[in-house]
Amino acid sequence: MGEFGVSAYSALFLLTLELSIMFNVDFVFRLIGMVILAILGVYWGIELASITGIRQELLVAIGLGIVGGFVGFVITPYVTTRPARYLANVLGNITGQSL
């Protein structure tokens, strides 16, 4: 293979490495969001149970904690990494003079 083949493989490797890093960053942020919203869900569950007079505070707290964790896992990239990636792409496409 000529020099073109090596460059193509190098570009493919770098693209794969970049995608791998982005997915790892997304996953880390997903886990952080999951933990934070799960903890908030537990606190909200305890408060909701005490306000409404439900006797099974633990059940409500665990239920809202699970829901909060799921929501945090799904929603977090749309709030953190994807807007940052979009902004980086937009700024990367703008010429230096227009900045």
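Reader: Where does Ile 39 sit?
Author: Ile 39 lies in helix 1, residues 3–52. Helices here are DSSP runs of H or I with at least four residues, strands are E runs of at least two, and both are numbered from the N terminus.

Reader: What kind of model is this?
Author: The model is predicted: local features need pLDDT of at least 70, side-chain atom pairs count only at pLDDT 80 or more, and totals for chains, interfaces and linings use all residues. Residues are numbered from 1 along each chain as its sequence is written, and side-chain values use heavy atoms, with hydrogens and water left out.

Reader: Which surface patch does Ile 39 belong to?
Author: A nonpolar one of about 1,100 Å² accessible area together. Its members include Val 25, Phe 29, Ile 32, Ile 39, Tyr 43 and Trp 44. Patch residues have over 30% relative accessible area and no salt bridge; nonpolar side chains (Val, Leu, Ile, Met, Phe, Trp, Tyr) are joined within 5 Å, like charges within 9 Å. Areas come from the Shrake-Rupley method with a 1.4 Å probe, and for residues only the protein chains shown count as cover.

Reader: What about Trp 44?
Author: Trp 44 is also in helix 1. It counts as exposed, at 54% relative accessibility. Its C-alpha is 8.4 Å from that of Gly 65, 21 residues apart along the chain.

Reader: Zoom out. How many helices and strands?
Author: Three helices, zero strands. The order from the N terminus is α-α-α. Of the 99 residues, 16% count as buried. The chain's accessible surface is about 7,700 Å², with 74% of that on carbon and sulfur atoms.

Reader: How are helix 2 and helix 3 arranged?
Author: They are roughly parallel to each other. The axes of helix 2 (residues 57–79) and helix 3 (residues 81–93) come within 3 Å and cross at roughly 20 degrees. Axes are lines fitted to C-alpha atoms, for helices over the stretch in contact, with angles from 0 to 180 degrees between N-to-C directions. Under 35 degrees counts as roughly parallel, over 145 as roughly antiparallel, 65 to 115 as roughly perpendicular, and the rest as oblique.

Reader: Which residues meet there?
Author: Pro 77, Tyr 78 and Val 79 of helix 2 meet Thr 81, Arg 82 and Pro 83 of helix 3. Contact means heavy atoms within 4.5 Å.

Reader: And Thr 80?
Author: Thr 80 is in the loop between helix 2 and helix 3. At 29% relative accessibility, it counts as partly exposed. Its C-alpha lies 7.7 Å from that of Phe 29, 51 residues apart along the chain.

Reader: New topic. How many salt bridges?
Author: One. A salt bridge is a side-chain nitrogen of Lys or Arg within 4 Å of a carboxyl oxygen of Asp or Glu. Here Asp 26 pairs with Arg 85, at 3.2 Å, N to O. The pair links distant parts of the chain: Asp 26 in helix 1 and Arg 85 in helix 3, 59 residues apart.

Reader: Is Asp 26 buried or exposed?
Author: Asp 26 counts as buried, at 7% relative accessibility. Arg 85 is partly exposed, at 28%.

Note on methods:
Buried < 20%, exposed > 50% of the residue type's maximum accessible area, 1.4 Å probe, protein only.
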